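Let's take a friendly look at a protein model together. Please keep the sequence and the 3D view open as you read.

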Amino acid sequence: KAAHAKILADSKALNDELDKLRASDANLSNELAPLKQQIKDETKAERDALKPDNKAIADLRQSFSATFRADLKELRDAKLAKDSAAAQAARDQLKTDGDDYSNQLHDLHTKLVADAQPFKDKIKTDKQAVWDKMISLDPTLGPLVDQLHSDTTDTTNTLKADDALVKADLDKLQQDRQDASSTATA
């Protein structure tokens, strides 16, 4: 809660200073327009470049949808016929098809992420250019942005460390339970 309150306070201070900048510089929108347009252009270019990847993922889902329906029909039919061997074969086929789908989807997703990365890097640089321009117009913004970033990073790191401690405690608890169960049955 304390970290959340600190980040909210940082955000409010930054927004208040941005409001002052907007009020003092009637031309701010025009000054930032080319930089913001660059972000829009890169975002559109990213969306267009990723269309084939997204289509490949959609096509994979569609093709495996029919495969899974057929596998489930086989399983249902085998169960209705009370044919345990056919039911097991259908379960095995469903698992094989599920693994195949998962592997192909993972590969397509990996490609999508790789194809998107150059655009994400460029958009990040473009967004930083907007902030750099605003900071050049109002140097007071710089320390406020830095403080918000620092507090956000600190909070993220604290949460990650706490998550790791909780996971370690849960793992230890699980191991202790297994040990106690083994001791009780011995």
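## An aromatic cluster

Phe64, Phe68 and Tyr101 form one aromatic cluster. Rings of Phe, Tyr and Trp (its six-membered ring) pair if their centres lie within 6.5 Å; planes under 30 degrees apart count as stacked, over 60 as edge-to-face and the rest as tilted. This is a predicted model, where local features need pLDDT of at least 70 and side-chain atom pairs count only at pLDDT 80 or more, while totals for chains, interfaces and linings use all residues. Residues are numbered from 1 along each chain as its sequence is written, and side-chain values use heavy atoms, leaving out hydrogens and water.

By the ring rule there are 3 aromatic pairs. Here are two of them:

| Pair | Centres apart | Plane angle | Type |
|---|---|---|---|
| Phe64 and Tyr101 | 5.2 Å | 55 degrees | tilted |
| Phe68 and Tyr101 | 5.7 Å | 80 degrees | edge-to-face |

Which helices do Phe68 and Tyr101 lie in? Phe68 belongs to helix H2 and Tyr101 to helix H3, so their pair ties together parts that are 33 residues apart in sequence. Helices here are DSSP runs of H or I with at least four residues, and strands are runs of E with at least two, numbered from the N terminus.

Tyr101 is buried, with a relative accessible area of 17%, whereas Phe68 is partly exposed at 22%. (Buried means under 20% relative accessible area, exposed over 50%, partly exposed in between, using a 1.4 Å probe and protein chains only.)

Now for the whole chain: it has 4 helices and 0 strands. Of its 186 residues, 20% count as buried.
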